[in-house]
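Here is a short briefing to read alongside the model. Take a look at the structure first, and then we can walk through it topic by topic.

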Amino acid sequence: MIHRLVFLLAFAGIIQAHAASPTTAKRLIIDTDLFSDVDDAGALLLAATSSSADLLAVNINFPSTYSALAASAILAHYGSNTPIGIRRPLTNVTFFDSWFFELGEYTSKVAYHWSGGSLPWGHAEDAWDPVALYRKILSEAPDQSVTITSIGFFDNLSGLLNSSSDIYSPLSGPDLIAAKVSELVIMGGEYPSGYEYNFWGSNPSITAHVVNTWKGSPITFSGFEIGQNVTSGLRLINEGPRDDPVKAAYVYYGYTTARPSFDPLTVLYAMEGLSDLFEFGVEYGYNHVEKNGSNKWVYDKGVTGQRFLRLKVSEHEAGAEVDRRLLQAAWSTQRDQVLTRQEV
Ligand SMILES: [Ca+2]
């Protein structure tokens, strides 16, 4: 009986949250390397289901067919038909944990078993060119209205910066960014200095191109130190809906272990701002990336428009909030609400 009440109250709360879906929802584009870590899947779950975000596009910066198909499967499961782009040329590479021999592959399994959306199984080549998708979505958006969230590598954003007039817009890449982007939120680097995977793991000179030359919108950095010790995923694994693809991804990837929360935390900031979770570590100066992918904050008081985040709560509290949000998001889909009713 208690369980029934809890589920019904949760159900009512979820309905209310979605009914209140504001016209002020942030227009969001996510650029993800959905492949070698599962927290990208958690981030997609949050963005696809939140009333705080209008997910306009998902661009993938790792060129595996399974990354594109898994993104489509995940988005479709939560009722999102958000268009998907992916960096070319595509490969059929799958993740293998050659560092620790403990993590599992999830993108091909999620892609196959939850096949759906705009890129069903076998149709990865139908994905957008990511730069064309950026230019189309940005050109159609109101001025200074789009938040871009980078939770992986930088090839697609570098391509956007290098782009020129096309069928979507007469503007160059930098001019289009200045006209349409309200904020670039980057998970990557370490602050005030460090050497982090998203910056060095693909092509660090491309990282340097994006971070060192981006102009026209503020940049907020979410560093390695924010998410590394904020673990999440166990509640989704243990309490999530039976047929949830992101729950399955966490199981395939980490078995029964909680994972760092780099990307879910970054997407929560991108959607909701500082909220109760974050504060700015600094609000002047700028980030500089070397060609090897290491980064260092330059404390120049004459420069504004870049900042890095700090947690305002303990790592334990932040992890509990990410866990709560992942679980709430997974149960919020129409399909699972029906399942919930049958189960209680
Ligand atoms: Ca990522």
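At roughly what angle do the axes of helix α6 and helix α9 cross? The answer is roughly 55°, with the axes coming within 9 Å. Please keep in mind that this is a predicted model; its protein chain has a mean pLDDT of 92.

**Confidence**
- In the protein chain, 90% of the residues reach a pLDDT of 70 or more.
- Residues 1-21 are a stretch to treat with care: the pLDDT there is below 50, and the stretch has 16 contacts in the model beyond near neighbours in sequence.
- Where pLDDT is low, predicted coordinates should not be read in detail.

**The α6 and α9 pair**
- Helix α6 covers residues 155-162, and helix α9 covers residues 204-213.
- The crossing of α6 past α9 is left-handed.
- On the α6 side, the residues that meet α9 are D155, L157, S158 and L161; their partners in α9 are I206, H209, V210 and T213.

**The largest nonpolar core**
- This core holds 100 residues, and L44, L45, A47, A71 and I74 touch the most other members.
- Helix α3, residues 65-77, supplies the largest share of the core, with nine residues.

**Cis peptide bonds**
- R88 and P89 are joined by a cis peptide bond, with omega about -5°. P89 sits in the loop between β3 (84-86) and α4 (107-113).
- Another cis bond runs from Y191 to P192, where omega is near 15°. The loop between β5 (181-187) and β6 (193-195) is where P192 is found.

- Q144, a residue other than glycine, has a positive phi near 45°. Q144 belongs to the loop between α5 (130-140) and β4 (146-151).
- Q144 has 13 other C-beta atoms within 10 Å, so this residue is partly exposed.
- S275 is also not a glycine, and its phi is positive, near 45°. The loop that holds S275 lies between α13 (262-272) and β10 (278-282).
- S275 counts as partly exposed because it has 13 C-beta neighbours inside 10 Å.

Conventions
Residues numbered from 1 in each chain as written. Predicted model: local features only at pLDDT ≥ 70, side-chain atom pairs only at ≥ 80, totals over all residues. Core = buried A, V, L, I, M, F, W, Y, C linked by C-beta atoms within 7 Å. Buried ≥ 20, exposed ≤ 12 C-beta atoms within 10 Å, placed from the backbone. Helix = DSSP H or I, 4+ residues; strand = E, 2+ residues; numbered from the N terminus. pLDDT = per-residue confidence, 0-100. Contact = placed C-beta atoms within 7 Å. Axes fitted to C-alpha atoms, helices over the stretch in contact; angles between N-to-C directions. Left-handed = near helix turned anticlockwise from the far one by under 90°.
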